[in-house]
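Opening the notebook on this one. I want to go through surface, packing and charge pairs in turn.

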Amino acid sequence: MSATSREIVLGVGAGIAAYKSCDLLRRLQDRGYLITVVPTPSALNFVGASTWEALSGRAVTTQVWENAHHVGHISLANRADYFLIAPATADLIARIAAGRADDLLTNLILASDAPMLVVPAMHPAMWRDPATVANVATLRSRGYVVMEPEVGRLTGSDSGQGRFPHTQSIVMAFDLLTGNLRDLVGVRVLITAGGTREAIDPVRFIGNRSSGKQGLALARAAVLRGADVELIAANMQVDSLHGVEITHVESANDLGQALFARFPHCDVLVMSAAVADARPRHQEREKIKKSQFTSIELEPNPDLLVKLSARKAEQVMIGFAAETNNLRESARAKLTAKDLDIIYVNDVSDGKIFGKDTTQGMILTRHGAEIALKEVSKDALANLLLDHAIRQLG
Ligand code: CTP
């Protein structure tokens, strides 16, 4: 870490997890960072200004009106090398996404160009709410790094995804943000994500339940680790993702074309898209009337991974499998049949995984490693898969 990049603003939102940020502050100080704590006014209900002042050794203010003659919000915004916003409540995330500046913290965030790590913590229902989902997507499209909250027991009797991540995970995410863990610089990562659609007629299609969330998590993680990232997105609602070149496709055929054009130029291929195994033999130009809509004749789509494996040079290839039973055996068979280096098999029984921010399953490698994962965030899986890819890249 250079001496010129160690000023952090630790923004603290009004969540019970604020007390956990006291430990986070300590761990970052251990690493040599100088930290100014800026709580929101209501965050002081959880941890008071004197605690933050004692821990940081610096004055703590929440409003722009205090010491206004110093124009503190601009000088502090200019001085900060990084922002760490932990915990970030649904309201704080909404205010940042809207560009509000109604307290010192949101003023600073608006006035600064520094890299920002946002660590949400809230009730699972608030995390899942479409407003929060949209606000998080907005922040990510603007280059903010937004961590996934962890799954587990909350302050009350409820449990679900919303817990403040462990200090260690936050410090690791912060290291990624600061570039202390840029182990993929110069590596070209090609990711496919989402699910293909095979048109039956202008109205209907054959599709699948893949949301593309795992592919997006992989793209975000690879960018943070310094990779050049291209994403081929099948029917996903993603307009932009900081540092990622996105190509939108619809059918397996479109996906194949985009993939074959880009594959020779990548070092790592992550094939997380769910590709339709078959398509209607005939795509009707006119809508089929219901009286005639009785059966669909199908023809198989080519297996894209099999075709790519036949023409690969040095690429590391990561495949995915979605299974409801015999996870290990099915995944091992696919790893061999498709000549993959790594496969991740999702356990999709009982509606688990699809559309969720968490996953559970098993990583298998060409060299025989088998790592079973209980429920982890898709971000965490993304980083694990990239760790394995780096090992195979040598
Ligand atoms: N895949 C592919 N081309 C296809 C179908 C799948 O490249 N036509 C890729 C997927 O992107 C995934 C892996 O192969 O990375 C496994 O996909 P999956 O659907 O689980 O396996 P299938 O080979 O289709 O086998 P099955 O549906 O019989 O389980």
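Predicted model: local features only at pLDDT ≥ 70, side-chain atom pairs only at ≥ 80, totals over all residues.

I looked for greasy spots on the outside and found a nonpolar surface patch made by I16, Y19 and F46, with about 310 Å² of accessible area together. I checked where F46 sits, and it is in the loop between β2 (34-39) and α2 (49-56). F46 comes out as partly exposed, at a relative accessible area of 41%.

**Cores**

Next I went inside. Which residues have the most contacts inside the largest nonpolar core? They are I318 and L385, in a core of 34 residues. I listed the elements that give two or more residues to this core: β8 (188-194), α9 (213-224), β11 (228-234), β13 (268-271), β16 (316-323), β17 (342-347) and α13 (378-393). The top contributor is α9, with 7 residues.

L385 touches L218, I318, F320, I342, Y344 and I363. Apart from this core there is another, of 33 residues, and V12, C22, L24 and V37 are among them.

**A227**

I stopped at A227, in the loop between α9 and β11. Buried or exposed, I wondered about A227? A227 counts as buried, at 8% relative accessibility. Beyond four places in sequence, A227 touches L184, V187, V189 and A222. I also checked A227 against R188: their C-alpha atoms are 5.8 Å apart, though 39 residues separate them along the chain.

**E323**

E323 is buried, with a relative accessible area of 12%. So what does its side chain pair with? The side chain of E323 makes a polar contact with that of K334, at 2.5 Å. Leaving out neighbours within four places in sequence, I get S330, K334, V345, N346, D347, V348 and S349 in contact with E323.

**Helix α5**

I went through α5 (residues 104-111) residue by residue. Because 6 of its 8 residues are buried, α5 is largely enclosed by the rest of the structure. The buried ones in α5 are L104, L105, T106, N107, L108 and I109. At the N-terminal end of α5 I found a cap: a side-chain oxygen of D103 lies 3.4 Å from the backbone nitrogen of L105.

**Salt bridges**

How many salt bridges does a search of the whole structure find? I get 24.

- E7 and R58 meet through their side chains at 2.9 Å, N to O. E7 is in strand β1 (residues 7-12) and R58 in the loop between α2 and α3 (72-79), so the pair ties together parts 51 residues apart in sequence. E7 counts as buried at 14% relative accessibility, while R58 is partly exposed at 23%.
- R27 and D23 form a salt bridge, with the closest N and O atoms 2.5 Å apart. R27 and D23 are 4 residues apart in helix α1 (residues 18-30), so about one helical turn separates them. R27 is partly exposed, with a relative accessible area of 34%, and D23 is partly exposed, with 34%.
- E148 and R140 join by their side chains at 2.8 Å, N to O. E148 counts as buried at 7% relative accessibility, and R140 counts as buried at 11%.

Last entry: I traced salt bridges that share partners, and they join D91, R95, R100, D102 and D103 into one network. I had already noted D103 as the cap on α5.

Notes: Residues numbered from 1 in each chain as written. Heavy atoms only, no water. Core = buried A, V, L, I, M, F, W, Y, C linked by side-chain atoms within 4.5 Å. Buried < 20%, exposed > 50% of the residue type's maximum accessible area, 1.4 Å probe, protein only. Contact = heavy atoms within 4.5 Å. Patch = residues over 30% accessible without salt bridge, like charges linked within 9 Å, V, L, I, M, F, W, Y side chains within 5 Å. Areas by Shrake-Rupley, 256 points an atom, 1.4 Å probe, with all protein chains shown as cover. Salt bridge = Lys/Arg side-chain N within 4 Å of Asp/Glu carboxyl O. Polar contact = N/O pair within 3.5 Å; in protein donor to acceptor, adjacent residues only side chain to side chain.
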